[in-house]
Amino acid sequence: MRHIVLISLSLAIAVSSSVLAQDKADNPFTPGSCLAAQSDGVRWKPYCDEAQALHAGLTQRSRTASIELAQLKKLLLDAGDLSMWQFLSLSLAERGPYYASVPRKMALMDEIEATLNPKAKPDRFVGLAIKVVRANTVGNGPAEGVVEEAMSLIEGETNPHLLEMLSSSLIKHTNALVGVENYDAATASLHACESASDAWGNPLMPQRCYNLVRLTGREPAAFLQTVALREEALTCGRDLVPLCNLFRKSGHGKYLPDARAEG
């Protein structure tokens, strides 16, 4: 079975075509896009494999990055697949060593933003992702209005590519909020991330909103317990045994209330 690898912001997730099956009318991407493959009956095209191979290389090296980035952009834009270029570029901004340079990363955000159509649904998700990346890169504090915008995007959405991008953005936003000790806003961001992940319909995804929160143990006990209890419910409570075991043995399980942790 062919798997479409959706790459966005923080990690690559292999999503089987059975997960991606949707009614053609619900597909928000241009017909023929790599991101629309299977969901609208279009077969995965050879250029999609080539694009993913270029992306994989760019996550590992930077010496020839400028040449390969140009190749990736030309390949996808010649195929009319602007959305795939936006998605892979956002991934490389976070995972490509070439974009460890802040000026390069910010220039890429400008380049992607210049392609956005505010009336196109996918572009609204991309725009929010850019907003989060910019705020976290510049270091002037977390972006404002992210949770409110995210909740408006979640409503009625079922496309896994868009929801994965959104949840990844919210994880990054949550960590930025924890970094400035805004725990009430971080909790709201976690809840929004869980909502986006639940809407996707993949039972493995909601727990990662909490699993990927960076905690030191110096946060307020109430916040630590909120994260731990919710992650417990989304792993152990959903019979995801391997994830539950990891949570209890080496993860945020140590932040459960004492009586629960000892039990």
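This is a predicted model: local features need pLDDT of at least 70, side-chain atom pairs count only at pLDDT 80 or more; totals for chains, interfaces and linings use all residues.
The structure contains three aromatic pairs. In one of them, the ring centres of Tyr 98 and Tyr 99 are 5.2 Å apart. Their planes meet at 85°, so this pair is edge-to-face, given that angles over 60 degrees fall in that class. Both partners are buried: Tyr 98 has a relative accessible area of 19%, and Tyr 99 has 9%. The value for Tyr 98 counts as buried because the cut-off is under 20%. Tyr 98 has a further contact. The charged end of Arg 104 sits over the Tyr 98 ring, at 4.0 Å from the ring centre.

Tyr 183 and Phe 223 make up another aromatic pair. Here the centre-to-centre distance is 5.1 Å and the planes are 45° apart, a tilted arrangement. Tyr 183 and Phe 223 are both buried.

Phi of Glu 181 is near 65°. Glu 181 lies in the loop between α8 (160-179) and α9. Its relative accessible area is 60%, so Glu 181 is exposed. Asp 239 has a phi of about 60°. The loop between α11 and α12 (241-250) holds Asp 239. With a relative accessible area of 63%, Asp 239 is exposed.

Methods:
Residues are numbered from 1 along each chain as its sequence is written. Side-chain values use heavy atoms; hydrogens and water are left out. Rings of Phe, Tyr and Trp (its six-membered ring) pair if their centres lie within 6.5 Å; planes under 30 degrees apart count as stacked, over 60 as edge-to-face and the rest as tilted. Buried means under 20% relative accessible area, exposed over 50%, partly exposed in between (1.4 Å probe, protein chains only). A charge sits over a ring if NZ of Lys or CZ of Arg is within 6 Å of the ring centre and within 35 degrees of the ring normal. Helices (H or I, at least four residues) and strands (E, at least two) are DSSP runs, numbered from the N terminus.
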